[in-house]
Amino acid sequence: MVFTSALLVGSFLNVCIYRIPRQESVAYPPSHCPHCQQRLGPLELIPLISFLWQRGRCRHCAAAISWRYPLVELLTAILLTLVYLRFGWSLDLVYYGGLTALYIVIGFIDLSTMLIPTELVVGGMLWVTAYNLFTRQAISNWLLGGVLGCGLFYVIYVVSRGGLGGGDVRLASLLGLALGLERLPLALILACISGAAVAIFLLITRRANGKTPIPFAPFLAAAGYVAALWGEAIMLWYWSWLIS
């Protein structure tokens, strides 16, 4: 049930990923083929199954359907199911589920456009702030986490002279608010390590050069997700390993 419902959420996230950068409404018009503009029927809107049924092509104009659509649907279903398994039916499920959906949208928009919509980050900050106030989280922890995330990435932004985007600075601030001082360093370390690994792989395989821009939001989003769900366990394992 959770997995199936999350597939439907993933289908909606695809709409957000496509329309938000184009400043289009996510509610109207109804879903349609971006090539021939034909409105999609119910059978063409079934997550994953419709893509396989149509063999990856529009049923009306035969244009190829991006692999991003089934990928986002499946990824959303997996990540939200993991959130459910971690928190069960609780307020935390709603909170972290919302953050997960936001991270997915931001990450894929950055992948396709190299931009991070400010309104999404601001919305995420309001979401996190409301949760932290409602659950009475220590203000000194999450607020300073936001300041630390923003400050560190702003310094990198200035030193790199545009090598890091302003959107990444705002996203790092969101991660700081969401993770607090304890888990933010872990997320930043994970993001930097994974980002560097991918960059090195692209350079070695000659799919990129030293001037090729690489979106960093997907790494920040993935690291924020991992740190939120398993940050404490990872840090406990690390310190135990270090001591032993």
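1. Helices here are DSSP runs of H or I with at least four residues, numbered from the N terminus. By that numbering, α1 gives the most to the lining of the largest pocket, namely five residues. The model is a predicted one.

2. The space in this largest pocket comes to about 560 Å³. Its lining counts 28 residues, and His32, Pro34, Leu40, Ile65 and Tyr69 are the closest to the centre. At least two lining residues come from each of α1, α2 (49-53) and α3. By class, the lining of the largest pocket holds 15 nonpolar, eight polar and five charged residues.

3. The second largest pocket has a volume of about 440 Å³. Gly163, Asp168, Ile214, Pro215 and Phe216 are the closest to its centre among the 25 residues that line it. Here α7 gives the most, with eight residues. The lining of the second largest pocket divides into 13 nonpolar, nine polar and three charged residues.

4. The largest nonpolar core has 51 residues, and those with the most contacts inside it are Tyr103, Ile106, Phe153, Leu171, Leu175 and Leu220. At least two core residues are supplied by each of α1 (2-19), α3 (68-87), α4 (91-113), α5 (118-134), α6 (139-159), α7 (166-204) and α8 (217-243). The largest share, 13 residues, is that of α7. In soluble globular proteins, nonpolar side chains tend to be buried together.

5. Leaving aside neighbours within four places in sequence, Ile106 is in contact with Ile116, Leu120, Val121, Leu171 and Ala217.

Definitions and conventions
Residues numbered from 1 in each chain as written. Predicted model: local features only at pLDDT ≥ 70, side-chain atom pairs only at ≥ 80, totals over all residues. Heavy atoms only, no water. Core = buried A, V, L, I, M, F, W, Y, C linked by side-chain atoms within 4.5 Å. Buried < 20%, exposed > 50% of the residue type's maximum accessible area, 1.4 Å probe, protein only. Contact = heavy atoms within 4.5 Å. 1 Å grid on protein atoms, 1.4 Å probe; cavity = no way out; pocket = protein on both sides within 12 Å on 5 of 7 lines; lining within 4 Å. Points joined across faces, edges and corners; volume = space filled by probe spheres on them. Nonpolar A, V, L, I, M, F, W, Y, C, P; charged D, E, K, R; others polar.
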